[in-house]
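Subject: Structure handover

Hello,

Here is the structure for you to look over. My notes on its contacts and strand pairing follow below it.

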Amino acid sequence: MPLFAYTEKCLVVEAANFDSTDVKLFCCQCRQPVCFVRSSGRVAAYFRHIQSNKNCSVSTSQIIHGASIDTSGSTSVTR
């Protein structure tokens with residue numbers, strides 16, 4: 001997951017200091033579109049590729065394979 005991205009105006013932004021959802025962003029490594037993901041109590045802010053790019057070392061899959069949602073409100077991952 002990229003920690004830096006650049007805007008249409010070629011300004012490099014850092015996820016930790018970024019707080020906008022209406023700016024088009026691109027991966028600094030592969031130049032593909034990314035979106036901003038806000039920080040939470042579990043993870044720091046980062047940028048996520050809109051479509052997974054297996055040719056980019058900072059791109060991660062957006063699909064959690066084998067995940068199932070229990071209707072009781074808990075989530076389990078099976079392998």
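The structure, which is a predicted model, holds 1 salt bridge. It is formed by the side chains of Arg-38 and Asp-19, with an N to O distance of 2.2 Å. Arg-38 sits in the loop between strand 4 (33-37) and strand 5 (46-49), and Asp-19 in the loop between strand 2 (12-14) and strand 3 (25-27), so the bridge ties together parts that are 19 residues apart in sequence. Arg-38 is partly exposed, at a relative accessible area of 47%. Asp-19 has a relative accessible area of 56% and counts as exposed, because the cut-off for that class is over 50%.

Next, the strands. Strand 3 and strand 4 run antiparallel and are joined by 2 bridges. Within strand 4, Val-34 is the residue that stands opposite Leu-25. The hairpin made by strand 3 and strand 4 has 5 residues between the strands, and Arg-31 in that hairpin takes a positive phi near 70 degrees.

Strand 4 also pairs with strand 5, again in the antiparallel sense, over 4 bridges. Here Val-37 has Tyr-46 of strand 5 as its bridge partner. As a general point, side chains in a regular strand alternate between the two faces of the sheet.

That leaves the aromatic side chains. The count of aromatic pairs comes to 4. One of them is Phe-18 with Phe-36, with the ring centres 5.2 Å apart and 75 degrees between the planes. The pair is classed as edge-to-face, because that class takes planes over 60 degrees apart. Phe-18 lies in the loop between strand 2 and strand 3 and Phe-36 in strand 4, so this pair links distant parts of the chain, 18 residues apart.

Regards

Methods
Residues numbered from 1 in each chain as written. Predicted model: local features only at pLDDT ≥ 70, side-chain atom pairs only at ≥ 80, totals over all residues. Heavy atoms only, no water. Salt bridge = Lys/Arg side-chain N within 4 Å of Asp/Glu carboxyl O. Buried < 20%, exposed > 50% of the residue type's maximum accessible area, 1.4 Å probe, protein only. Pairing = 2+ DSSP bridges. Phe/Tyr/Trp six-rings, centres within 6.5 Å; stacked < 30°, edge-to-face > 60°.
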